[in-house]
Amino acid sequence: MPGAVLSRSGEDNEEVAEEATPRWAARLGMQPSLRWGYVGLLLFMIGDGVESGFLSPYLINDEHFQAQPVAFVFTLYGIVAGVAAWSSGALSDLWGPRRVMSLGLVVWAFFEVIFLAVAIPSHNYTLILLSYGIRGIGYPLFAYGFLVWIAVATSRKRLGSAVGWFWFAFTGGFPTLGSLIASFTVPKMGAYASFWLSLGLVVVGGLIALLFVREQAGRSRLAPPEQRPVATLLASVTLMVQNPKIGVGMIVRTINTAPQLGFLVFLPIYFTTELGFSLAAWLQILTIMFTSNIIFNLIFGVVGDKVGWRNTVVWFGGVGSAATTLLLYYLPTAMHANFLLASVVAVLYGATLAGYVPLSALMPTLAPESKGAAMSALNFGAGMSAFVGPLIVAIFLAPLGVVGVMWIFAVLYVISAVLAFTLKLPRPQDAPQPVSVSGSEQQVGPADAGVTR
């Protein structure tokens, strides 16, 4: 059983890693052998996030494209990212997570050069659409390939904290520190030079992760040799049919960040044009929002291990994000360009968004025999959020306005809470029995602590 192999590999690797590497990583709840991967991911996502708060205004105000065509640029990017995110788990099964991360880095860098060196200078909308859209393959393969690596190499007792550190690094870069860097570089260097800076950060971060992580489980194929490529690629689809909870979890993950990524399409314009914030002030608000998010990513990773993964997702993630989404619109609109109040609301939204972190631990535990396929479904939901969020904006912003789109996003969060409530792990007596792996017995079912999750 491939799941049994993955589980055994992770716990053995952890024992070796804790003996051979500094214990600070283990004390923080991080998988020690992957510590350089977290550093590389942070730098990669900083580079990916530099443009997040100003690309939409740049294309509209500087390049003079209309809002709807710009929204479709983000929508195509989201479609491509969704497909790449879905395939990241399956490709990791076939090639190993490290090779998938390498492909993501190469694709990101190549198409960013096309976007910056050819598409933008020529003011060619079709080329902008295609180069930026295809670049969407890059970050999901790199980031979610690393998430699969974490799931493979980390024991269940530490998995909640380990994925908390993943989301700490992911959102620490995109868009938190990326936006903070942009708030200084755009006024000083200009938007176009800031794009090139982002490329350099991505390349440096990618190389750090690929060259300095020595953990062995992620360097080779995860699927058994007899499993065929097409079957592996379709395993997550098959799993969602066989185990409907995986499909539900995929939908919850899509809703998780769909509003966040939709916000990046229209809130920069709304805050700077309608509410009167400067672009630098908006980028600082965005930085504050996701500084809160990265802190609470760690907090909710630990909280989820203590009070239950499902409970954390339902109440802090779904219900909490619904409330703070509405606050994010109504309070800044009522007070009009009050930076302090807008920052407080941004902190609250970033905190509740982190309530979904335990979903990354819950999903592979719902299908312990098919961790790679479960992570593919989870990653597909993450990628599809980059499509669903901007698509909702493209369709509903004109007829319903900003307030209507914010209400749509709030309702989606409530729906996600209802769906997440159904994601209950089996009781210990219902869990799979130990199976023999290399002459020893290894439990592949969920831990006893999963009963309340």
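**A patch, a loop and some holes**

Phe212 sits in helix H10, where helices (H or I, at least four residues) and strands (E, at least two) are DSSP runs numbered from the N terminus. Before I go on, this is a predicted model, so local features need pLDDT of at least 70 and side-chain atom pairs count only at pLDDT 80 or more, while totals for chains, interfaces and linings use all residues. Residues are numbered from 1 along each chain as its sequence is written, and side-chain values use heavy atoms, with hydrogens and water left out.

Back to Phe212: with 47% relative accessibility, Phe212 is partly exposed, and that label lies between buried, under 20% relative accessible area, and exposed, over 50% (1.4 Å probe, protein chains only). Phe212 also belongs to a nonpolar surface patch with Trp36, Val39, Leu207 and Leu211, and together they have about 460 Å² of accessible area. Two elements, helix H3 (35-49) and helix H10 (191-212), each give two or more residues to that patch. H10 has the largest share, three residues.

On how patches are picked: members have over 30% relative accessible area and no salt bridge, with like charges joined within 9 Å and nonpolar side chains (Val, Leu, Ile, Met, Phe, Trp, Tyr) within 5 Å. A salt bridge here is a side-chain nitrogen of Lys or Arg within 4 Å of a carboxyl oxygen of Asp or Glu. Areas are Shrake-Rupley with a 1.4 Å probe, and for residues only the protein chains shown count as cover.

Now the loop. Most residues other than glycine have a negative phi. His336, in the loop between helix H15 (309-335) and helix H16 (339-353), has a positive phi of about 55°. Ala337 lies in the loop between H15 and H16 too, and its phi is also positive, near 65°. How exposed are these two? His336 is partly exposed at 46%, and Ala337 is partly exposed at 35%.

On a 1 Å grid over the protein atoms alone, a cavity is a set of points where a 1.4 Å probe fits but cannot get out; a pocket is an open set with protein on both sides within 12 Å along at least five of seven lines; and lining residues have an atom within 4 Å of a point. Points are joined across faces, edges and corners, and a volume is the space filled by probe spheres set on them.

The largest pocket holds about 250 Å³. Its lining has 15 residues, with Ala67, Gln68, Phe266, Val393 and Leu397 nearest the centre. Helix H4 (55-62), helix H5 (67-95), helix H13 (244-274) and helix H18 (371-420) each give two or more of the lining residues. By class, that lining is twelve nonpolar, two polar and one charged; Ala, Val, Leu, Ile, Met, Phe, Trp, Tyr, Cys and Pro count as nonpolar, Asp, Glu, Lys and Arg as charged, and the others, Gly among them, as polar.

How many cavities of 30 Å³ or more are there? Five.

Phe74, Tyr77, Tyr132, Phe174 and Leu261 are the closest to its centre among 14 lining residues. That lining divides into ten nonpolar, one polar and three charged.
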